[in-house]
Amino acid sequence: MMELQQILQQRFGYDAFREGQQEIIEAVLSGHDTLALLPTGMGKSLCYQLPGYVVEGTILVISPLLSLMQDQVEQLRQFGEKRVAALNSFLSFDDKQFVWQHFDAFRFLFLSPEMLASDAVKNRLQQMKLGLIVVDEAHCISQWGFDFRPEYLQIAEALPKERPPILALSATATNQIMRDITHYLGMEKVSTFIHSVDRKNIHYEAVETTSFEKANAIIQQVTQFEGPGIIYTQSRKRTMEYASMLQQVGIRATFYHGGMEQQDRMFVQRQFMHDEVDWICATNAFGMGIHKNNIRQIIHDHLPQNVASYMQEVGRAGRDGGEALATLYYEKRDAERTLEMATLDLPTDWHISRYMACEEPQQLVEAGEMTETAFRVLHYWMRQLAPLQVSQKIQELASEKQQQVMALAKIITAPCIRTQLVAYFDEELLEKPKNCCSGCGLQKREILAPYIEKNEPKALENWQWRLKHLLPFN
């Protein structure tokens, strides 16, 4: 107990643990495989950072995004840790060589599931001493593994047989997702720590609208209330359109999407973190691992693909404990559009036939007959199942996606959004905060009163005129 407190203060500068952290750390140090669900902002990273100064060997962290790895590496360096690295494409050739040559000398080593799947890395891990294996954002195993990044389902295969404990971390997970996590990671005798997904300081709003009214409403909301904030949209083009509209009415805004160069994405992220821009207009590629405490608003212009994604995204607001607003603007056809997006990269029976007939299936991607994502999904399942079973599996995945989309569509139109969100994660809501949600009755100005833009008249001066001269979204 005293040793942990000393490390907490000396290494990280904190006087006390946040709720849940110490119990998780003690379970890990006792040698237990551990699954921990802590809401965004409760300090999940410390649960593996602190054990790095207690156990012998390297802390291996499997992380889903390159930008998230870089953020975690920089955070540890700010705490004075020098023996930390992430092996990824951000590194120059020389830096990659340095990391590879000193692979077992690092206290913290970050890898993606794809990097972990390489034979060279697997062989190297077999030869080194590991103190702890961490799977960060572990819900991605269930959320991405089956149909987007199958390497998530193969993590356990890459780990040494004589391995140290596994710590799986996430902010949100249903009972089924937790079963997927423990099963596909091969976790045994798991110590489980679950904290409520309900964040009382986040207030939920769902507004039915049309395409043109939606853009007007979003710009008006942003100009009336201070950020920082994030606008989530489904297309890369719309991120740029929203950013342009906001800039025209005097808002410091920029865009972010997965098609940008890595260095450009990192630059935008740093701008946001250092308060050089107030609003990010982004696809769901942005946000994971963003440790920005004062985000006041999360706005969606569409229906996300599932409840877990929605909760992850809105959970980025109000990390400082202050009031925050999560607004979702939707149209009647949004569920249909979202389902189309969700199933866009699922392989078809025709793809299965072409895969079986081709001596080198990878050529299907090069010939433009199949997307890279569809190929990776199909390639994984063709090695696991018979062709007929693969077809059935793809149909099951499509059906599951439809159920997930419809579940969120039902929640946002419920009499109480908060009650249904909490129930989705197998919890019961015991108390509603004031201004709970739009279903219960909600006053934006009351929620965001301390953050109303000081120069509101200037910001609002010409937004209506300008919007009339901008084309509506298709």
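Let's start in helix α15, residues 334–342: R337 and D334 sit three residues apart there, so about one helical turn separates them. Helices here are DSSP runs of H or I with at least four residues, strands are E runs of at least two, and both are numbered from the N terminus. R337 and D334 form a salt bridge, with the closest N and O atoms 3.6 Å apart. By salt bridge I mean a side-chain nitrogen of Lys or Arg within 4 Å of a carboxyl oxygen of Asp or Glu. R337 is partly exposed, at 26% relative accessibility. D334 is buried, at 4%. Buried is under 20% relative accessible area, exposed is over 50%, and partly exposed is in between, using a 1.4 Å probe and protein chains only.

A word on the model. It is predicted, so local features need pLDDT of at least 70 and side-chain atom pairs count only at pLDDT 80 or more, while totals for chains, interfaces and linings use all residues. Residues are numbered from 1 along each chain as its sequence is written, and side-chain values use heavy atoms, leaving out hydrogens and water.

Back to salt bridges. How many does the structure hold? There are 22. Side chains of opposite charge can pair when their charged atoms come close.

Take R149 and E114. Their closest N and O atoms are 2.8 Å apart, and they form a salt bridge. R149 lies in the loop between α8 (140–143) and α9, and E114 lies in helix α6, so this pair ties together parts 35 residues apart in sequence. R149 is buried at 9% relative accessibility. E114, at 26%, is partly exposed. There is a network too: salt bridges link E114, R149, E151 and R376.

Next pair: E446 and K434. This salt bridge has its closest N and O atoms 2.7 Å apart. It links distant parts of the chain, 12 residues apart: E446 is in helix α21 (residues 444–448), and K434 is in the loop between α20 (417–424) and α21. E446 is partly exposed, at 40% relative accessibility. K434 is exposed, at 63%.

Now helix α7, residues 119–127. Which residues are buried in it? They are V121, R124 and L125. These cover an arc of only 100 degrees around the axis, so they share the same side of α7. That arc is taken from the directions from the helix axis to the C-beta atoms. On the other side of α7, D119 and Q127 are exposed. What covers the buried residues? The cover includes β2 (58–62), α5 (93–101), β4 (108–111), α6 (113–116), β5 (130–135) and α9 (155–158). Contact here means heavy atoms within 4.5 Å.

On to the cysteines. The structure holds zero disulfides. A disulfide is counted when a pair of cysteine sulfur atoms is within 2.5 Å. C140 is buried, with a relative accessible area of 0%. C358 is buried too, at 17%.

Last stop: I290. Where is it? I290 sits in the loop between β11 (279–282) and β12 (297–300). Its relative accessible area is 5%, so I290 is buried. Leaving aside residues up to four places away in sequence, I290 touches Q269, M273 and R319. And V190? I290 and V190 are 100 residues apart in sequence and 28 Å apart in space, C-alpha to C-alpha.
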